[in-house]
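Please have the sequence and the model at hand while reading.

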Amino acid sequence: SNARGVRTLPEALQILVFRATPSIGRMELAARLVFALVMVAPSLPRALRRNTAARVQGLISTETSRHSSIGHEQLGMSERAASAQRRIVTCSERTPWTGLRKSFGGAKNSSALGDFVALQLRERISTQGRVIDQGREGLCGPVSLEYMMVLLRPDDFAESVADLFCDGQTSKLMAKGRSSLVVPKGVLECVQSVGDRESLWGFQKNGFIHVVDWIWSASLVGTHNFMLNVCAGAGQGQSPGDMMRMTTSVFPEASVRMVGGLSRHVWRTVSGLGMRARHVSVEEWESTLDEVSAGGQAMLTVLYGRKNKGEVLRSATNHWVVLTQVINSSFVGGLGQWHQMAKCARKLLNETKACLVWTHAGYQLFESCDNLRKGVADVISIKFPEGQGPLNPRDFRPGSPWNRDVLTQLTQLSAERRLGLAGLWPGSKVVANGLVSVHSGSTLSVISPGTLGHIVQRDMDGDIAVVWTNSTSGWVLRKDFPRLAVTSMALGWDERAFTNRRGTFAIIGRSLVGRKQKAQGWPDENYTECPVHFR
């Protein structure tokens, strides 16, 4: 650092925060550094701590002022939402969330807590709720409602967060017949996270729930589940009945229906001795897809994580997700010179719809909606009044980069199946049937026929990263795919998913689920609109 002319710790922090960090995370990182210096580094000389904290806090104030001077339209915020953000900052020192204030170092850091909340609020609105994340908390149900509220009513969401943070209650949400939601005292005083029993300071780490999401979801659950402890306790879980009640309190104007429920779970478990399929029927699923296609949303219970092996659901579910968009042939457009791919993608989506799911700060696109159906036990479908439904995520509309990535992958995966190469995704195993080129940086290696490999990654260009048994590893380009054979196909949702570079959305390729599909084999996709070609 000295060689570069950096003489003091505050100057080094300025470089770290404002030169080496992507713009989205600068504010949060700066505030983390303030708290780390004030609370975690007591061994530093007091004067240095005070000077450094003041300098970085000044940088936060400067950056906040810079953002406040930008028109709220550029940040994806209306005047109502921008006003709510300003209110959060001004009420920070008197917030009734005493647990959060204590976790953030008490009264001396109360104003910085408001900065955190305001900036996270803006980030959620500007991304249409994509960045919302329950972290390690058991709050998948309420954060699903939070995501939908940001998507549908961002202004009401912003004002509800400001109400909850500043007053501990809001009239934007209802609870048990009341005209407003009042946060229970136990939630306001909570200082502990479920994740490793850490304090709420852990809520700012990657993988943990963030403050805005905690305020909104804990308020909702704490009001509806008053008998159990929401603060690092069993009260965080939500049954389908619980979610029905919460949904009607968040969207009282919507038509809400439930498929499944606890009684059906119990009956299917008892009647089938634990072996009966628990997923929704084809008729129930088609109705759900129609409602989402028409502008609604649907919350689904699934078996999430590594426990999901991509097979027919025969056990209890453990997670709520949001079916936020059904991708059909109407999403093919704006491709220009990719005319042939557009025709192929349109044909594929006419035959098999794709389903876009939101969960854990990202999207998961299921190439086959029916694959998703066979892992869904419960559905809470939300149909909004005419003209009040959400626009659905803009990131996948025709002409957007992610739309193009999706259509590219759909056509590529179809072409691979027609060549007998279904399953070229992470977790699958392959064998070289000929000389295969492997690219690792500037190094080019050649794999001999008969060499076994394990796919560890796939990118949005369709290339795959393979670790071979001869200790070679690197990327195999699509043009060499005909020289491969799949020996073992990964089936689990997590296992076979591959993401874009930022990890903000994943594609889960189509697989054969259940005895009937496996007996029938892959469908005939030799459509004239879809010629097989590899670059």
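## Basis of the description

The model is predicted; local features need pLDDT of at least 70, side-chain atom pairs count only at pLDDT 80 or more, and totals for chains, interfaces and linings use all residues. Residues are numbered from 1 along each chain as its sequence is written, and side-chain values use heavy atoms, with hydrogens and water left out.

Helices (H or I, at least four residues) and strands (E, at least two) are DSSP runs, numbered from the N terminus. A residue is called buried under 20% relative accessible area, exposed over 50%, and partly exposed in between (1.4 Å probe, protein chains only).

## Disulfides

A disulfide is a covalent bond between the sulfur atoms of two cysteines. With a disulfide taken as a pair of cysteine sulfur atoms within 2.5 Å, the count is four. Numbering the bonded cysteines along the chain gives the pattern 1-2, 3-4, 5-8, 6-7.

Cys-91 is joined to Cys-166 with an S to S distance of 2.0 Å. This pair links distant parts of the chain, 75 residues apart: Cys-91 is in the loop between helix 4 and helix 5 (98–103), and Cys-166 is in helix 8. The link of Cys-91 and Cys-166 is left-handed, with -80° about the S-S bond, and both cysteines are buried.

The sulfur atoms of Cys-190 and Cys-231 also lie 2.0 Å apart in a disulfide. Cys-190 belongs to the loop between helix 9 (185–188) and helix 10 (211–224) and Cys-231 to the loop between helix 10 and helix 11 (240–250), so the pair ties together parts 41 residues apart in sequence. Their link is right-handed, with 75° about the S-S bond. A further disulfide joins Cys-344 to Cys-530 (S to S 2.1 Å). Because Cys-344 lies in helix 14 (residues 339–351) and Cys-530 in the segment after helix 18 (514–520), this pair ties together parts that are 186 residues apart in sequence. Cys-344 and Cys-530 are both buried.

## Salt bridges

The whole structure holds 26 salt bridges, each a side-chain nitrogen of Lys or Arg within 4 Å of a carboxyl oxygen of Asp or Glu. One network of them links Arg-80, Arg-153, Asp-155, Asp-156, Glu-159, Lys-172 and Glu-253.

Asp-155 sits in helix 8 (residues 154–167) and Arg-80 in helix 4 (residues 79–90), 75 residues apart. Arg-153 and Asp-156 form a salt bridge at 3.0 Å between the closest N and O atoms, and both are buried. Asp-156 also meets Lys-172 in a salt bridge (3.7 Å, N to O). Lys-172 counts as partly exposed because its relative accessible area is 28%.

## A hairpin

Two strands pair if DSSP finds at least two bridges between them. Strand 10 (residues 436–440) and strand 11 (residues 443–447) pair in the antiparallel sense over five bridges, and His-439 stands opposite Leu-444 in strand 11. Two residues lie between the strands of this hairpin, where Gly-441 takes a positive phi near 65°.

## A buried asparagine

Asn-371 is part of helix 15 (residues 369–373). Its relative accessibility is 5%, and Asn-371 therefore counts as buried. Neighbours within four places in sequence aside, Asn-371 is in contact with Trp-493, Arg-496, Gly-509, Arg-510, Ser-511, Val-513 and Gln-517, where contact means heavy atoms within 4.5 Å.
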